[in-house]
Amino acid sequence: MPTSMTTAEAITLATDVLVNWVWPVEAAPPAPDRLDVTLKEPKELIPMVTALRVQRLGYLSAITGLDLGPEDGRLEILYQFCVAAAVITIRVPIPREDATIQSLTDLIPGAEPYERELSEMFGVTVVGMRNPLRLYLPDDWPEGVYPLRKDFDPSVLHNHHKEQSDAAAED
Amino acid sequence: MQPQKTEQFTVPIGPQHPALKEPSSFLISVDGEVVTNAIVRLGYAHRGIEKATESRTYVQNLYLLERICGICSHIHGTAFAMGVERLAGVEVPPRAQAIRLIIAELERIHSHMLWLGVGAHQGGFDALFMFSWRDRETVMDLLESISGNRVNYSANVLGGVKFDLTAAHIGDILKALDYLEERTHHYLKVVTTDASFLQRTRGIGTMTRHQAEVLGAIGPTARASGVLRDVRIEAPYGAYVDHPVTTITDDRGDLEARFAVRIKELFESYRLIREVLDDLPPGDIKTRVKRKIPEGEAAFRVEAPRGELFYFIKSDGTDIPSRVKVRTPTICNMTSVVKLAVGHQLADVPMILAGIDPCFSCNDRMVRVNRNNGSDGWTWEQLRQHGIEYYKQRSQDYDPLVVG
Amino acid sequence: MSSNLSKPWQAALDQITTWARINSPWAIHFNSGSCNGCDIEILATLTPRYDLERFGIKLQGSPRHADVLICTGPVSRQARERLIRTYEQMHEPKFVVAVGACALSGGIFQGCYNVMDGVENVIPVDAYIPGCPPRPEAIIDGIVKLLGSLQEPPADETDAGETIAAAAGEIAAAPHAGSEHG
């Protein structure tokens, strides 16, 4: 079982598995207990995660979204796997406009809540998500507004609610 | 006995909960009394904290993040502070590390005792609820005497802790631990031997080791299914490096195991606190951290009372973080609840929910049944027969009783 | 109340009702997005150390049976609708107690995108109990003060509002009630 694996062994194995998988990928250890693997294409995600699963290497601890800002025009999605003290991160840069990524729920059923959070907070379309309903945001949240994007403007909400109450008053 | 017709009712539970804690909403489909599907809706307590961190300085964020949860506030503060310290490359004095550990373990004790009470209440065992909460006040008094506040004690600062432990504090803690240890033996006996309580816990909500791994369960919930998942052991941080923890696991995976694991963890916490107090390192309790944090990313994991707490902090070199991601333990275990509830009696759902020690709790007193169509449901006689059969399976025979 | 009674009978009946209301208020707790800190302290008031029930106060589940709504948290947008619905389901006369800094003004979450900055922005509040979180003693003190303000039966509803508002002001202005604990 991988639970008996030391941190250094995990990092070595992960480097071995991920870097020599089908596509060549960039891998860098920012700290002794971390390994960051940056993918070129979002479609490489599923094979990479499969590789980790085949080796039974770690468990999905979190999916973190990062908005690199409107100037950069990209979002970065971080899939963080933990084994012993090691954090193996698969970084997937995707365009801000038309952000789409494959769902991991077929491989990791526990990923569902993380993906739902990612999708409503960053406006990422997760293809194959079992339950696309909102998880955290209110029912009357305006469409197309994603709070964790850097250019999110809270006044949108105020206007949205004002429009709603005006409409209610007219009825 | 099976119901004659297969009718699906949807039972909404929540979001307003009669007695306990946080709001959340469940849509539970039932066939008769048996749960066939469960859908969870969160967000009633969503405040937008992750966004708010992006407009506050690191010091302000420490206080904001402590208020993510009032039960495990210290561990949120610790995770954030240690993540930032790692980014800043600051070495925290050993005494501060030890004090962080002691407060974290005191928090674990108070959280587990709180949970024991809540779990017992859901099982209809209010006497245990009252007893465990009475004893929990002992820990609250300790935390108050150390920090000045019962909840949200805010012991952390960037680079150390705010409060030192005096000889008087140490004496108080040791005395309280002796009392709590004696009480905990009693609780362990109660939850593993009380026949009526065991009927509500033994074999209910069983999660196998495989399920726990696949569903990504963590913390005591996973450990009760035999999965060794404890950040204090896997990736020791702070004073846990010098003071290793012994894990408590159980292979049964049912509610009883979850009760047993959490109560046994209390003994481990008592032992750990005594060990650390025994050789509390002398010296400073804090070191200076510059206001601006160097550019970089840090992922930090700690073991909260409910399981692994994951923090990801990204700094862009200013005094305001560029992104703080928090992944709390409850969300991992939620998936398991939804899966486990299926196939159980509706009345067991609150117990199963309480079993993961969610940061919100659910109570079946607000259940409202929506009948989708003109279904006739069960007749009283059918219900009576079903009840008799049900209790016979649980070795109680109500058959000879005659209803008037 | 029935208005068919003659004046002295009506007065006597009102007195009895007020007496009963003060001596046995039933409370309902609603968490509108709080961090649990206030909620566990409210729950702690029920437990043996503080024992709120000795004042005849009972915490129970249904808004239809409740006289007092104890509200915590800054009111998230998702909980807002439900808070209003819970409030509307309660019978008159009803009282709202806001517990904790967040329920008073939004507290540390003030200005966050998903909160309404306090209970008073959503439903009328009769008493405010400050603290982060308030100690159980402070919560009990606040509720007892609210009930004390009902002691003199008001002539009409406007007076009732003013009496309670005054009491609320008094409680809100009072120093942290925790310091009274010896």
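Analyst: Start with chain A. Of its 171 residues, 39% are buried. Buried means that 20 or more other C-beta atoms lie within 10 Å of a residue's own; 12 or fewer means exposed, and anything in between is partly exposed, with C-beta atoms placed from the backbone. This is a predicted model, where local features need pLDDT of at least 70 and side-chain atom pairs count only at pLDDT 80 or more, while totals for chains, interfaces and linings use all residues. Residues are numbered from 1 along each chain as its sequence is written, and chains are lettered from A and ligands numbered from 1 in the order in which they are written.

Now the build of chain A. It has four helices and seven strands. Both are DSSP runs, numbered from the N terminus: helices (H or I) need at least four residues, strands (E) at least two. Along the sequence, the order in chain A is α-β-β-α-β-β-β-β-α-β-α. Its C-alpha atoms fill a box of roughly 65 × 35 × 25 Å along the principal axes. Take the contacts in chain A with a separation of 6 or more: residues 24 or more positions apart account for 53% of them. A contact here means two C-beta atoms, placed from the backbone, within 7 Å.

Two loops of chain A deserve a stop. A:Ala84 sits in the loop between β4 and β5 (86-95) of chain A. Its phi is near 45°, which is positive although the residue is not glycine. A:Ala84 counts as buried because it has 20 C-beta neighbours inside 10 Å. Further along, A:Asp98 is in the loop between β5 and β6 (100-102) of chain A. Its phi is near 55°, again a positive value in a residue other than glycine. A:Asp98 has 9 other C-beta atoms within 10 Å, so it is exposed.

How does chain A meet chain B? The contact joins 26 residues of chain A to 26 residues of chain B. On the chain A side, β3 (59-67), β4 (74-83) and α3 (112-122) each supply at least two residues. The largest share, six residues, comes from β3(A). By class, this side of chain A has 18 nonpolar, five polar and three charged residues. The nonpolar class is Ala, Val, Leu, Ile, Met, Phe, Trp, Tyr, Cys and Pro; Asp, Glu, Lys and Arg are charged; the others, Gly among them, are polar.

Step across to chain B. It is divided into domain 1 (8-44 + 342-372) and domain 2 (49-332), with bounds from an automatic or database domain assignment. The centres of these two domains of chain B, taken over C-alpha atoms, are 27 Å apart. Their contact takes 13 residues from domain 1 of chain B and 16 from domain 2 of chain B. The domain 1 side divides into eight nonpolar, three polar and two charged residues.

B:Leu340 lies in helix α12 (residues 329-341) of chain B. B:Leu340 is buried because it has 29 C-beta neighbours inside 10 Å. Beyond its neighbours within four places in sequence, B:Leu340 is in contact with B:Gly205, B:Met207 and B:Ile352. B:Leu340 and B:Asn37 are 303 residues apart in sequence, but 9.8 Å apart in space, C-alpha to C-alpha.

Next, a helix pair. Helix α5 (residues 126-147) and helix α6 (residues 167-193) of chain B pack at about 165°, with axes 11 Å apart. α5(B) is therefore roughly antiparallel to α6(B). Among the residues in this contact are B:Leu128 and B:Leu142 of α5(B), and B:Ile173 and B:Leu180 of α6(B). The contact of α5(B) with α6(B) holds nine nonpolar, four polar and three charged residues. For such angles, axes are lines fitted to C-alpha atoms, for helices over the stretch in contact, and angles run from 0 to 180 degrees between N-to-C directions. Under 35 degrees is roughly parallel, over 145 roughly antiparallel, 65 to 115 roughly perpendicular, and the rest oblique.

One joins C:Glu92 and C:Pro93, with omega about -10°. C:Pro93 is in the loop between α3 and β4 (95-99) of chain C. Another runs from C:Cys132 to C:Pro133, with omega near -10°. C:Pro133 lies in the loop between β5 (127-129) and α5 (136-148) of chain C.
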